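Visitor: I am new to protein structures, and I would like to learn what the words mean. Could you show me one and let me ask about it?

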Amino acid sequence: MSLSNWIKKQIANLNEKVNPPQPNVYVETIREASQEEFSLEVEQIQEELETDIEAFNDDFLLENYQSPTLDLLEELNPLVINRDKLEEQKNTIIIGLRGFGIEISSIIATVGPTVTTFEITISGIGKRVEQVVKLSDDIASLLYKSRISIYSRPENGTIALEVSNNVNHIVGIRESISHPSFVESTMQLPLALGRTLYNEPLVIDLASINHLLIAGSTGQGKSSLLDSIILSLLYKKHPSQVKLILISTNRISFSVYKRLEKHFLASNPSNKGAIIVNKDGALESLYGLCEEMENRYELLSLAQVRNHSDYNKKFLSKELIPTKEFPFKFLPTLVLIIDELAEITQFGKDGENLLIKLAQKSRSVGIHLIISTQRASDRIITNAIKENFTTRIGFRVPAKSDSNILLDNDLASKIGRIGEAIYQSHNQNIKIQCSYTTVNEIERVVEFIGKQDGYSSAFELPGYEDYGIEKEAVDLSKRDKMFEDCAKMVVNSQSGSTSMLQRKFNLGYNRADRIMLQLEAAGIVGSASGSKPRDVLITTEYELARHLEELF
Ligand SMILES: Nc1ncnc2c1ncn2[C@@H]1O[C@H](COP(=O)(O)OP(=O)(O)OP(=O)(O)O)[C@@H](O)[C@H]1O
């Protein structure tokens, strides 16, 4: 009889006879905040601001503004605990270890969203965690699992056995943001990231971590986490307090937030919509934010305060009266969210340098950066990025080396489930199951906010010109040699699409983009409008030939 079969038999025999220590089961009942508690929050903000109404334009308070209600979010199945199963697993561990000569004096089971952790204390001295780790395959087989993780928790003097649950519990955004830890939070910018494997809610303050870097392979839950972060801010803040700059240059992932333009979004002068979907707009936003940052430093210095929150407090208490010489104004917190960092680093050093400059200096002026990437490579997550983004979230990555680039350890390569991630801050690694937000939920929240009265436009950032650089002028005397072929193609297809030029003529993005700018300068296509193809201003090849003859 094999050893594990022997142990199984022993367990069957002994299960009734022995009376092992009862597990202390830690299961938190999920308490939801009431609708009233939520409404109270916004009323308080409005009241706070109202005391100083004269300091603002009339519409500043959006007096009738209501923050989104809980019922817009889906109520998912609660975490289900099978106590009989838990008891069985606990006995299996106790008796299984005894079979290998290891007695334990206590066992505490914590049921988390996706795993149950059995924290054990070994009786006597001399038994070390390595001895238990060596038994992980045997214990896994006794528990009918393909694998379990075993590690020491020196802070508690215990050993933790992590056993996957039969059913994974999805941590819905409603569960996260209705938890008292979020509702009652006094943090400046609380983000409801999800739950730890010990089932504790993880709420962090973006204002104190400053910036956040998120990475992980495709389909692991990065976008959903970004959505949960955005919803955290929408539920907790008033439109006057926070403005988001959303950049997604190769996908449409943020387009659902378009309706928030007049409430929560910031934009730059040359961008048509408030969601930034093209390369030029992205670069302009970075320049614009740098300019905004410098302007804010000047205001802080005029106000003789050291940080953004002191400045706003002083402004709200009417200690800073705006004049021509001292153009004091309320400064909303700006949160830049980039859904693919690689799209920014494609601008060469410009993109990265601007990001680093912002990351280094923007913290005290109320500007925070959240950047995400699928590519955990050292070309994208450079040392300079790492130095400035010390709080990171790692979803599953394919190799240990990728995990090392992101976290300086291999933990992200060991993640097994979608939505699971390592939250790393101050050299601490916490495994979490991230809050999950669906598109339907976002649509409902956005609709709820978007249909209310908003400001006349998005919050406008400074543009290129304010930063003191001109957009590069297009020199039509140096036309690309594919210029004419491309002109014919866009006229015949009546579509001013850069990606079509790339495909048809096998061109790289930069070259196709340059040709498109030349076509614009030659009056053949209209100006860029988000991710949509440009309008074609000429209808036939004959007309094109005449137009080009006249031009050149
Ligand atoms: N926290 C979560 N809990 C459970 N399931 C999740 C969670 N997050 C995401 N998922 C599931 O995984 C799918 C992919 O998630 P998501 O689009 O967020 O991944 P991604 O990392 O952004 O991928 P990509 O990089 O390709 O955009 C979702 O459609 C959803 O079904």
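Visitor: What makes Ser-217 count as partly exposed?

Guide: Ser-217 has 16 C-beta neighbours inside 10 Å. A residue is buried if 20 or more other C-beta atoms lie within 10 Å of its own, exposed if 12 or fewer, and partly exposed in between, with C-beta atoms placed from the backbone. The value 16 falls in between, so Ser-217 counts as partly exposed.

A word on the background: this is a predicted model, where local features need pLDDT of at least 70, side-chain atom pairs count only at pLDDT 80 or more, and totals for chains, interfaces and linings use all residues. Residues are numbered from 1 along each chain as its sequence is written.

Visitor: Why is Gly-219 called exposed?

Guide: Gly-219 has 11 C-beta neighbours inside 10 Å, and the limit for exposed is 12 or fewer, so Gly-219 is exposed. Ser-217 lies in the loop between S8 and H9, and the place of Gly-219 is in the loop between S8 and H9 too. Those labels are DSSP runs: helices (H or I, at least four residues) and strands (E, at least two), numbered from the N terminus.

Visitor: What makes Val-525 buried?

Guide: Val-525 has 26 other C-beta atoms within 10 Å, and buried asks for 20 or more, so Val-525 is buried. Val-525 sits in the loop between helix H21 (509-521) and helix H22 (541-551).

Visitor: Which residues is Ser-217 in contact with, leaving aside its neighbours within four places in sequence?

Guide: They are Gln-374, Phe-395, Arg-396, Val-397 and Pro-398. Being in contact means that two C-beta atoms, placed from the backbone, lie within 7 Å.

Visitor: Why are S7 and S9 said to stand at the edges?

Guide: Nine strands form an open sheet in the order S7-S6-S15-S14-S13-S8-S12-S11-S9, with mixed pairing. Strand S7 (201-205) and strand S9 (242-247) each have a single partner strand, so one side of each has no neighbour in the sheet.

Visitor: How do you know that S6 and S7 pair?

Guide: Two strands pair if DSSP finds at least two bridges between them. Strand S6 (residues 190-196) and S7 have five bridges, in the antiparallel sense, so they pair. Within S7, Val-203 is the bridge partner of Ala-192.

Visitor: What does UniProt list for "binding site"?

Guide: The unreviewed UniProt entry lists Gly-216, Ser-217, Thr-218, Gly-219, Gln-220, Gly-221, Lys-222 and Ser-223. Its positions follow the numbering used here, feature names are shortened, and annotations may be inferred rather than shown by experiment.

Visitor: Which element gives the most to the shell around the ligand?

Guide: H9 does, with three residues.
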